[in-house]
Amino acid sequence: KEADVKPARVREIGVAAQGVVETETGLVAWSPAFAGRKIPIVNPLQSAFGAECYISNDTNMITEALHWSDPNRYSGTFAVIMLDYGVGMGLYLDNHLFSGASGTAAEFGHANHIPGGALCRCGKKGCLEAYLSDYALVRAATHQPEDTDPITIKAGVGGLARLIELAGSGDENAQKAFHEAGRVLGYGIARVIAMIDPKRVVLTGAAMRAFSFMEKGMWEGLEEALVADLRNNFSLDVMPWNEDFIRSGLIAQSMERLDKDFLGTATPQGSRAARTDGKEVPA
Ligand SMILES: [Zn+2]
């Protein structure tokens, strides 16, 4: 409606969701955005609108958008970590977005950090997310026990913003929570580097506004966790949060499918880059 496009002219609907998204079956297997599990998204939208529908993980779309907007900088092998409501990851391996066999790859946030550790929103204990996400930071800063149910913790964008304010005004509990989260992030990045040897690691998400409070801990954690020979070959980008990246990634994927339909094959990288040179991407 906003774009003044008639429903009959909609060719494709792209959906980006946070959480564990099965691109192959069109389901959100599990997401903090839904109370239930295995929520079908693609089929209901397809039958309601009569258009093709695709679903992707939100951080994967940021990863795709980065590649399209600056293929020289973001190509080959790189990882995007989004610290926000949850903890997401997008992986670009050998010039391809990697989504695994069922489309749920790179669930960085739910890789275990400490066996039997802090309670995660997914129900397991010790996930990276249980130390890094908004509720984890609020739980740590307010000295609540590690097994406090994330649902009962008042966090979210507002909670995170308050915590950043507190840390900025010198509050030691808030500063310590960010510092410790930074250390956990460093350990997490160390594992990613050890596994895939990325050229670049990109950090983004709402929590990046607190990066100055996390940075020292992050480098400490990374140094403790990984030998110098392995960790000295990557660059770190810290990107301020911009929701438009998710939309750009969806459009990029859609355009690639369109190319394939017309040409029977994907276009070479150079021409893809040229198409996204301007701000306006035809939708
Ligand atoms: Zn988890």
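These legends accompany several close-up views of a predicted model.

**View 1. Four side chains hold the zinc ion.** Here we start at the metal, where the zinc ion is coordinated by ND1 of His 110 and by the SG atoms of Cys 120, Cys 122 and Cys 127.

**View 2. The zinc site has tetrahedral geometry.** If you like to check angles, this is the panel for you. The 4 donor atoms of the zinc ion make angles of 103 to 122°, and the site is tetrahedral. As a reference for the eye, the ideal angle for four tetrahedral donors is 109.5 degrees.

View 3. Now let us turn to the contact between the domains. The domain assignment gives domain 1 as residues 7–58 + 243–275, and domain 2 as residues 61–238. Taken over C-alpha atoms, the centres of domain 1 and domain 2 are 25 Å apart. Domain 1 brings 26 residues to the contact, and domain 2 brings 22 residues. Between them, domain 1 and domain 2 bury about 2,000 Å², with 63% of that area on carbon and sulfur atoms. How many salt bridges are counted between domain 1 and domain 2? The count is 0.

**View 4. Lys 38 pairs with Glu 22.** The salt-bridge count for the model comes to 11, and this view picks out one of them. The side chains of Lys 38 and Glu 22 meet at 3.0 Å, N to O. Lys 38 lies in the loop between strand 3 (27–30) and strand 4 (39–40), and Glu 22 lies in strand 2 (residues 20–22), so the pair ties together parts that are 16 residues apart in sequence. The two partners also fall into separate accessibility classes: Lys 38 is partly exposed at 49% relative accessibility, whereas Glu 22 is buried at 13%.

View 5. The side chains of Arg 183 and Glu 180 meet in a salt bridge of 3.9 Å, N to O. Both residues belong to helix 6 (residues 172–196), and because they are 3 residues apart, about one helical turn separates them. Glu 180 counts as partly exposed, with a relative accessibility of 38%.

View 6. Moving along to helix 7 (residues 211–225), we find Glu 220 and Lys 216 placed 4 residues apart, about one turn of the helix. Their side chains meet in a salt bridge of 3.4 Å, N to O. Lys 216 is exposed, with a relative accessible area of 60%, and Glu 220 is partly exposed at 27% relative accessibility. Which residues are linked in the network of salt bridges? Glu 180, Arg 183, Lys 216, Glu 220 and Glu 224 are linked in it.

Methods
Residues numbered from 1 in each chain as written. Predicted model: local features only at pLDDT ≥ 70, side-chain atom pairs only at ≥ 80, totals over all residues. Heavy atoms only, no water. Donors = N, O, S within 2.8 Å, 3.2 Å for Na, K, Ca; no water. Tetrahedral: all angles 85-135°; square planar, octahedral: opposite > 155°, others 65-115°. Domains from an automatic or database assignment. Contact = heavy atoms within 4.5 Å. Buried area = accessible area lost by both parts, 1.4 Å probe. Salt bridge = Lys/Arg side-chain N within 4 Å of Asp/Glu carboxyl O. Helix = DSSP H or I, 4+ residues; strand = E, 2+ residues; numbered from the N terminus. Buried < 20%, exposed > 50% of the residue type's maximum accessible area, 1.4 Å probe, protein only.
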